[in-house]
Amino acid sequence: MGDQHSTVKVLVLFNTVNGGTYKMAKEIAAGIEEFPGARAILKQVPRIKPLENEAQQAFASIPYANMNELPDYDAIAFGSAVHFGNMSADMRYFLDQSVGIWISRKLEGKPATVFMSAGSGAGREAAILSFWNTLAIHGMMIVPTGIMGTNEIDKTIPQGNTAFGASSLAGIPHSERPSKGELHIARLQGYALARAAKGYQLTTTGLTHQKIAGSSIEQTTLTAKEEQKPGMIAHKLKEMNLILPQAPAPVGNYKPYRIFGKQVFINQIALNNGKVDHPGMIGKEVTEEEAKLATRQTLLNVLAVLKEAAGGDLDHVKQAVQLTGYFYTAAGYTKHAILMNEASNLLVELFGEKGMHTRATVGASSLPMNSSVEIQAIFELE
């Protein structure tokens with residue numbers, strides 16, 4: 001069992017425009033740090049569009065989070081403004097990028113809680129539950145507020161709090177918001193999350209089970225990683241109803257792959273039976289949906305070549321290392337990452353943790369054979 005006094009790290013992840021959710025986030029963080037040995041880390045969700053005058057806002061110095069860091073925390077508090085009975089678009093987009101983490105089950109069992117800021121308050125319960133749907137899919141343990149602290153707040157003024165999580169009625173005129181009562185519930189919610197996080201930490205850090213063998217005791221460390229069985233990737237391809245194409249032959253004086261040490265280097269475009277799928281400039285001759293299909297085909301070509309490099313057995317792949325996506329786009333195009341998600345998500349779905357990789361996306365003024373997509377990939381073999 002790990003040291004019971006080790007630090008509990010809790011992420012307070014929020015999205016705000018006018019600062020109301022940020023004030024709630026700070027109170028959640030204060031409640032977390034009231035729990036002995038707990039540390040709160042405040043971070044923002046990256047924005048789809050830059051916020052005007054953000055540099056002048058009180059929350060300007062709060063860093064943006066990266067999706068891949070979420071599993072590093074013992075618990076997460078999620079907060080955003082209420083938007084038509086839902087979370088904000090920025091938060092929704094961020095959580096939609098968590099497919100790889102979900103497949104790898106990296107958030108499973110971790111405690112999570114939700115707080116929000118609402119203008120009129122309409123739809124705030126539904127908005128909190130919109131978070132719960134996603135958190136439940138990840139297998140997270142949801143920590144609600146219930147009726148904690150309700151006897152201690154001023155009931156002569158409207159309060160935005162719910163049994164699901166703290167919220168603020170940001171649009172109440174002539175009223176300072178968040179109110180003292182709303183902040184009080186938020187602080188209690190932070191403390192409750194930290195307490196749950198400590199329980200999670202104690203039951204997962206250094207967890208062992210004992211096997212009795214005669215008079216001796218064998219201790220075996222439990223891991224979430226299952227032993228890989230032969231033919232696992234081939235079986236997964238069948239489950240996903242995927243048939244890899246024939247590895248495209250080179251159309252010049254080069255090889256389809258090169259192995260250096262234990263790393264294999266591959267470049268492919270969207271060839272399909274000798275022709276390019278969805279050729280042309282994205283946004284002009286090619287729609288974004290067609291570009292996603294071309295990206296998928298390109299990744300399948302990469303996998304076909306990888307299988308050949310691995311001696312015909314993808315189980316010999318130890319780790320995906322790097323994907324670089326090149327997209328035939330006009331100057332000023334900014335959605336390369338959304339298109340590249342088609343390849344990244346497929347790779348992680350197929351290989352699980354071994355499919356997690358670093359990534360770059362690049363816009364190009366043209367690509368070979370008028371392909372809309374090209375992918376450069378690096379893998380490590382066993």
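This is a predicted model: local features need pLDDT of at least 70, side-chain atom pairs count only at pLDDT 80 or more; totals for chains, interfaces and linings use all residues.
The protein chain contains eight helices and 15 strands. Its C-alpha trace extends over about 80 × 70 × 35 Å along the principal axes. Of the 382 residues in the chain, 46% are buried. Contacts in the chain were also considered by sequence separation: among those between residues at least 6 apart in sequence, 76% join residues at least 24 apart.

Helix H1 (residues 20-34) and helix H5 (residues 180-204) form one of the helix pairs examined. The axes of H1 and H5 come within 6 Å and cross at roughly 45°. Because of this angle, H1 is oblique to H5. The crossing of H1 past H5 is right-handed. On the H1 side, the contact involves Lys23, Met24, Glu27, Ile28, Ala30, Gly31, Ile32 and Glu34. On the H5 side, these residues meet Glu182, Leu183, Ala186, Arg187, Gln189, Gly190, Tyr191 and Ala194. By residue class, the contact of H1 with H5 comprises eight nonpolar, three polar and five charged residues.

Glutamate 182, which is located in helix H5, is one of the residues of this contact. With a relative accessible area of 0%, glutamate 182 falls under the 20% limit and is therefore buried. Apart from neighbours within four places in sequence, glutamate 182 contacts Met24, Pro158, Gln159, Gly160, Asn161, Ala166, Ser167, Ser168, Leu169 and Arg177. Met24 in this set belongs to the H1 side of the helix contact.

Helix H2 (residues 89-96) has the buried residues Asp90, Met91, Phe94 and Leu95. Viewed down the axis of H2, these buried residues lie within an arc of 125°, and so they line one face of the helix. The elements against which the buried residues of H2 pack are strand E1 (8-14), strand E3 (75-81) and helix H4 (124-137).

The second pair consists of helix H7 (residues 288-309) and helix H8 (residues 336-351), whose axes come within 8 Å and cross at roughly 40°. At this angle H7 is oblique to H8. H7 passes H8 in a crossing that is right-handed. H7 contributes Glu288, Ala291, Lys292, Thr295, Arg296, Leu299, Leu300, Leu303 and Leu306 to the contact. The residues contributed by H8 are Ile338, Leu339, Met340, Glu342, Ala343, Leu346, Leu347, Leu350 and Phe351. Sorted by class, the contact of H7 with H8 holds 13 nonpolar residues, one polar residue and four charged residues.

Two residues of H8 were examined individually. Methionine 340 is part of helix H8 and, because its relative accessibility is 0%, counts as buried. With neighbours within four places in sequence left aside, methionine 340 is in contact with Thr295, Leu323, Thr324, Gly325, Phe327, Arg359, Thr361 and Ile375. Among these partners, Thr295 is a residue of H7 that takes part in the contact with H8. Methionine 340 and glutamine 246 are separated by 94 residues in sequence and by 22 Å in space, C-alpha to C-alpha.

Leucine 350 is likewise placed in helix H8. Its relative accessibility is 4%, so leucine 350 counts as buried. Not counting residues up to four places away in sequence, leucine 350 touches Ile233, Lys236, Leu237, Met240 and Leu303. Leu303 among these is a residue of H7 in the helix contact. Between leucine 350 and alanine 163 there are 39 Å in space, C-alpha to C-alpha, and the two are 187 residues apart in sequence.

Asparagine 370 is located in the loop between strand E14 (358-364) and strand E15 (373-381). Because its relative accessible area is 38%, asparagine 370 is partly exposed.

How values were computed:
Residues are numbered from 1 along each chain as its sequence is written. Side-chain values use heavy atoms; hydrogens and water are left out. Axes are lines fitted to C-alpha atoms, for helices over the stretch in contact, and angles run from 0 to 180 degrees between N-to-C directions. Helices (H or I, at least four residues) and strands (E, at least two) are DSSP runs, numbered from the N terminus. Angles under 35 degrees count as roughly parallel, over 145 as roughly antiparallel, 65 to 115 as roughly perpendicular and the rest as oblique. A crossing is left-handed if the near helix is turned anticlockwise from the far one by less than a right angle, and right-handed if clockwise. Contact means heavy atoms within 4.5 Å. Ala, Val, Leu, Ile, Met, Phe, Trp, Tyr, Cys and Pro count as nonpolar, Asp, Glu, Lys and Arg as charged, and the others, Gly among them, as polar. Buried means under 20% relative accessible area, exposed over 50%, partly exposed in between (1.4 Å probe, protein chains only). The arc is that of the directions from the helix axis to the C-beta atoms.
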